[in-house]
Amino acid sequence: FILGEDKADMKKCFDEFVVWETLDELKSKTKFFLENEPERTRIAKSMHDQVMNRHTAEIRMKEMISLC
């Protein structure tokens with residue numbers, strides 16, 4: 001599970017990347033996800049599945065080769 005600063009690039013990589021923009025929002029989301037383990041676990045699993053399906057070394061190498 002990642003709770004990260006709002007960066008457009010990460011949103012492109014993951015469907016459910018949880019972001020914050022202000023410190024108040026960070027505090028609020030931190031509290032929410034610490035109190036809601038099932039939701040945190042669901043998002044963590046979703047992100048893990050996305051990495052395993054879309055961001056492997058093999059996929060990256062094919063993308064690099066296609067650019068040559």
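Guide: A network of salt bridges links Glu-16, Glu-39 and Arg-42 in this predicted model. Glu-16 belongs to the loop between H1 and strand E2 (18–20), whereas Arg-42 belongs to helix H3, so the pair ties together parts that are 26 residues apart in sequence. Both partners are partly exposed: Glu-16 has a relative accessibility of 23%, and Arg-42 has a relative accessible area of 39%.

Helix H3 itself spans residues 37–54, 18 residues in total. From its first C-alpha to its last, H3 reaches 25 Å, close to the 26 Å expected at 1.5 Å a residue. Its buried residues include Ile-43, Ser-46, Met-47 and Gln-50. These four lie on the same side of H3, because they cover an arc of only 95° around the axis. Pro-38 and Lys-45, on the other side of H3, are exposed.

Lys-45 also takes part in a salt bridge, with Asp-49, in which the closest N and O atoms are 2.8 Å apart. Here both residues lie in helix H3, 4 residues apart, which is about one turn of the helix. Lys-45 counts as exposed at 53% relative accessibility, while Asp-49 is partly exposed, with a relative accessible area of 29%.

A pair within one helix is also found in H4, where Arg-60 and Glu-63 are 3 residues apart, about one turn of the helix. The closest N and O atoms of their salt bridge are 2.7 Å apart. Arg-60 is partly exposed, with a relative accessible area of 30%, and Glu-63 is likewise partly exposed, at 39%. Over the whole structure, the search finds 7 salt bridges. In general, side chains of opposite charge can pair when their charged atoms come close.

Helix H4 (residues 57–66) also holds Met-61, which is partly exposed with a relative accessible area of 45%. Together with Met-64 and Ile-65, Met-61 forms a nonpolar patch on the surface, with about 330 Å² of accessible area in all.

As to confidence, the mean pLDDT of the protein is 89, and 99% of its residues reach 70 or more. Confidence is lowest in helix H1 (residues 8–13), at a mean of 72, and highest in helix H2 (residues 23–35), at 96.

Notes. Residues are numbered from 1 along each chain as its sequence is written. This is a predicted model: local features need pLDDT of at least 70, side-chain atom pairs count only at pLDDT 80 or more; totals for chains, interfaces and linings use all residues. Side-chain values use heavy atoms; hydrogens and water are left out. Helices (H or I, at least four residues) and strands (E, at least two) are DSSP runs, numbered from the N terminus. The expected span of a helix is 1.5 Å times one less than its number of residues. Buried means under 20% relative accessible area, exposed over 50%, partly exposed in between (1.4 Å probe, protein chains only). The arc is that of the directions from the helix axis to the C-beta atoms. Patches are made of residues with over 30% relative accessible area and no salt bridge: like charges are joined within 9 Å, nonpolar side chains (Val, Leu, Ile, Met, Phe, Trp, Tyr) within 5 Å. Accessible areas come from the Shrake-Rupley method with a 1.4 Å probe; for residues, only the protein chains shown count as cover. A salt bridge is a side-chain nitrogen of Lys or Arg within 4 Å of a carboxyl oxygen of Asp or Glu. pLDDT is the predictor's confidence in each residue, from 0 to 100.
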